[in-house]
Amino acid sequence: LGSQLQALVAIAEKDFVAAWRAKRIWAMGSLPAVLLVFIFYAVFRLRSGDVSDVVTAALWIAFALSGMLILSYSFIQERNRGSLDGLLLSPAHRAVIYLAKWLPNWFFISLVQTTILLLTSAVFGINLLRVDLLLIMVISAAGYSGVGTLLSAVASHSRSRTMMLGAMLLPVALPLFMVAAKASSDLLHGDSLSPSRHWLQFVSAFSFLSVVLSTVLFNCVVEER
Amino acid sequence: VILDGIAGISVLLALFVALDQNPIQASQGHLLGMFYLYVSAVWVATLTLLVSLMAGVTYLSRGEERFDDLLRASMEIGLTFVPVAILTGCTCAKLAHDTWWVWNPYLVASAALWIVYLVHLALRRGFDDPHQRARYSAVYMIMASASGPFTFVAALWWQDSPSMIGQLGPSAMAPMLICAGAFTLLSLALVRHRLLLAEHSRQITYLRAQICVGEA
């Protein structure tokens, strides 16, 4: 178990360092989302009254877009460099490799999402830095990156890689976005997380299931038969 | 042939029951009849999802090609029946609420399922190696099936109209079962044909390879 844990830390560290050095991941993940927030602002700035729903829509579309771009980077880069075979030949268990790939994805998606949150707060003049909203975003990011890391591995083998990832990921992650967007909208309208709806439990259950299922299925994706 | 015949007759009977023998047709127009078809199509769509899930899991555990054939067959049947569910659902919404779309959980889940099936079809075409194709297709189907109930619950929470139709009486049970049974028989017959087609296609590939070897 100790050696597997060491492998997990080593692979995750490699991804962290690689992503940190290759600054393009930030540009790739953030810029389209930043543009999207500005487009929403440009379209809706003249609307008087409550813009909470517009902010929610901008936030979650930006989240889906930036997450998808970051996830597409995850395995395609490994395939292009040919380093995936090296990873698979290492004594690390396949589940450990998956978790080590998922953790940096989760971290970077959460980080880019927080940046977008700050930007949206500044542009629309609404305070979005709330613990409950951040909690929903971080847990959603765990589930989104959980499914996304697995599907990124699948898409990296396909002929139309990046396009395939987006097409595969969004319908699977749809319930996560539906519920997270609804919960955010309720929060921005001043409601607390309604206990009758169990938003947080839903998002947590989806994220947990997606990570567990992806960990189990990852072996089937990278296995060569 | 017997299954095809029974399926054909039962579908005709179902259409007759749904559209003509409607006990409260006078009060609710064609809504109830359309509703029977809608519920039956949703039922078959759910069935195809369950069969795809089971076929995917079995393929990954056993690696037998016939389970990939079953997954592909049920996915293709779903690809045909889900639009029926969406179209009849939209027609029900138009008749009941004078709008083409309502946030009904069955309707939303059907739309999401159709996208999943379309993507699945595209995914399968992205691989040349049949084993790789089958494996990734099974993995994607398992993930999509796991997400299905979540989509349903999420849409249930978003629901803006309580139901497309009021409380259905016990008299609605018999026509509903006839329609659902007929759609199930039809989908079974189609799956059987698709499996036979896959088997024949495999035999042709094998014979071609034998001929090539013989010529060489």
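Along the principal axes, the C-alpha atoms of chain A fill a box of roughly 60 × 35 × 30 Å.

A word on the ground rules: this is a predicted model, in which local features need pLDDT of at least 70 and side-chain atom pairs count only at pLDDT 80 or more, while totals for chains, interfaces and linings use all residues. Residues are numbered from 1 along each chain as its sequence is written, chains are lettered from A and ligands numbered from 1 in the order in which they are written, and side-chain values use heavy atoms, leaving out hydrogens and water.

Here are the two chains, one per row. Helices (H or I, at least four residues) and strands (E, at least two) are DSSP runs, numbered from the N terminus. Buried means under 20% relative accessible area, exposed over 50%, and partly exposed in between, with a 1.4 Å probe and protein chains only. Accessible areas follow the Shrake-Rupley method with a 1.4 Å probe; for residues, only the protein chains shown count as cover.

| Chain | Secondary structure | Buried share | Accessible surface |
|---|---|---|---|
| Chain A | eight helices, zero strands | 53% of 225 residues | about 9900 Å², 67% from carbon and sulfur atoms |
| Chain B | seven helices, zero strands | 47% of 216 residues | about 10700 Å², 69% from carbon and sulfur atoms |

Now for the contacts, meaning heavy atoms within 4.5 Å. Among those in chain A between residues at least 6 apart in sequence, 83% join residues at least 24 apart. For chain B, the share counted in that way is 78%.

Next comes the interior. A nonpolar core is a set of buried Ala, Val, Leu, Ile, Met, Phe, Trp, Tyr and Cys residues joined through side-chain atoms within 4.5 Å. The largest one has 109 residues, and A:Trp60, A:Tyr144 and A:Met168 have the most contacts inside it. Helix H7 of chain A (residues 161-188) gives this core its largest share, 15 residues. Leaving aside residues up to four places away in sequence, A:Met168 touches A:Leu151, A:Val154 and A:Ala155, along with B:Val119, B:Leu123 and B:Tyr140. A second, separate core has 24 residues, including B:Phe35, B:Leu37, B:Ile77 and B:Leu107.
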